[in-house]
Amino acid sequence: FEVFKGRNHIKLMFSRLKQFRRIATRYDKTRTSFDTFLSLAAAKIWSPHFTEPLAQQWLRSPVSPPWPINRSLRSIRRWGRENGRYCFSKIRDDLGCDYLHAFAVIIALFGLLTAWTVAFGTREQHNELRGGDEHCKPLDAFKAIGHNDQLLWMALSYLLYAVANVATTGVLFYQFTYVLGMPEQFALAGVIPVVTGLFTTPLYPLLNRVVPRRWLFTGGMALMIAGYAMFIAAPRNLAVVLIALVLFYLPAQTIQMTAILTMTDSIEYGQLKTGRRNEAVTLSVRPMLDKIAGAFSNGIVGFVAVAAGMVGSASAGDMTAGNIHTFTTWAYIVPSVGIVLSLVVFLARVRIDEKRHARIVEQLEARLADTTR
């Protein structure tokens, strides 16, 4: 009888799988593609039975924070839990979906709410200095960049930084899998930038009140160079690698914010130099540089993996000293040279700072006042 019960479960399993027409009619011609879709179908059948009990358990057991809180915070938590449970159940019941899809709907609603808040809550400040802003074609945009030397040098400095940053970020999986032999610890490479970003992003305006942007950029680059030095010195030590990751990601927001603000200040510099205000062009430079750096990083990561023998069925035990040296050279030494060059370009060629920008704005206002008389 027990064997018959197990046989019944197997028959029901095949019946559930045959509800997918692609499996029932065998659309796929190769064994690999058929097995792949069979795994996807099984995962879709299995996932609700895994996620719904977890969601129900999460709803029944409120999470207590590890630190003591007063009565008002307890009331806020109780109110949020009760209303969140109601909204969660309401969406699930009205849409007839499972807990996972209801959670996705809530996240999508929050995303729309924040996007609409930014779109409709942002007010652009108009003044007389912005009256000369013109729309440009792509060719005119590159001409404007070439005529604005401060924008050009800042863009070059940021491009060197961005290529090095995304290339090193892309090889961290190989670092944990083949060099350290601890792929289960790779999640730390995602947690560290999130935590450091949440800490440094709101801190930047406060630091910029007392520390000039030029020194913030230099200090951030120095931290990144120190992180690279630790990567190079002890690539097989987990503790050293984690410290290097903190040093690598800690100044990321500071460097990027400094680059954005410097490029923004170069708008008035270009207007004073050429008599034309190319604001839209200037603000589109950084996203363009990020895309270029991402394209370079894809090739760099692939080259590093192949050159170091981290492909196919290779494992951490197969890595020789030569493989590790090749990986360290192209994953850390070469990008660190890019960081050094980025800092050199910034310190040697980028002259615009807060004080010079203020003087440029005064000159533009005086010129505008003379033309309106």
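In the predicted model examined here, glutamate 268 lies in helix α13, which spans residues 252-274, where helices (H or I, at least four residues) and strands (E, at least two) are DSSP runs numbered from the N terminus. Because its relative accessibility is 10%, glutamate 268 counts as buried, a class defined as under 20% relative accessible area, with exposed meaning over 50% and partly exposed in between (1.4 Å probe, protein chains only). When neighbours within four places in sequence are set aside, glutamate 268 is in contact with Arg277, His357, Ile360, Val361 and Leu364, contact meaning heavy atoms within 4.5 Å. Residues are numbered from 1 along each chain as its sequence is written, and side-chain values use heavy atoms, with hydrogens and water left out. As this is a predicted model, local features need pLDDT of at least 70 and side-chain atom pairs count only at pLDDT 80 or more, whereas totals for chains, interfaces and linings use all residues.

Helix α13 also packs against helix α7 (residues 149-170), the two axes coming within 8 Å and crossing at roughly 160 degrees; axes are lines fitted to C-alpha atoms, for helices over the stretch in contact, and angles run from 0 to 180 degrees between N-to-C directions. This angle makes α7 roughly antiparallel to α13, since angles over 145 degrees count as roughly antiparallel, those under 35 as roughly parallel, 65 to 115 as roughly perpendicular and the rest as oblique. On the α7 side the contact includes Met154, Tyr158 and Tyr161, and on the α13 side it includes Ala259, Met263 and Tyr269. By class, the residues of the contact of α7 with α13 divide into ten nonpolar, four polar and two charged, where Ala, Val, Leu, Ile, Met, Phe, Trp, Tyr, Cys and Pro count as nonpolar, Asp, Glu, Lys and Arg as charged, and the others, Gly among them, as polar.

Helix α11 (residues 213-233) takes part in two further pairings. With helix α12 (residues 238-249), its axis comes within 7 Å and crosses at roughly 160 degrees, which means that α11 is roughly antiparallel to α12. The crossing of α11 and α12 is left-handed, and among the residues that meet are Leu223, Met230 and Phe231 in α11 and Val240, Ile243 and Phe248 in α12. The contact of α11 with α12 consists of 13 nonpolar residues, one polar and no charged. Isoleucine 243, located in helix α12, counts as partly exposed because its relative accessibility is 44%, and its C-alpha atom is separated by 9.1 Å from that of phenylalanine 231, twelve residues apart along the chain.

The axes of α11 and α16 come within 10 Å and cross at roughly 165 degrees, and these two helices are therefore roughly antiparallel to each other. Their contact has 17 nonpolar, four polar and one charged residues. Alanine 314 is found in the loop between α15 (285-307) and α16 (321-349), and lies 8.1 Å, C-alpha to C-alpha, from tyrosine 178, although 136 residues separate the two in sequence.

For the chain as a whole, the secondary structure comes to 17 helices and zero strands, and buried residues make up 32% of the 373 residues. Of the contacts with a separation of 6 or more, 74% are between residues 24 or more positions apart.

How values were computed:
Left-handed = near helix turned anticlockwise from the far one by under 90°.
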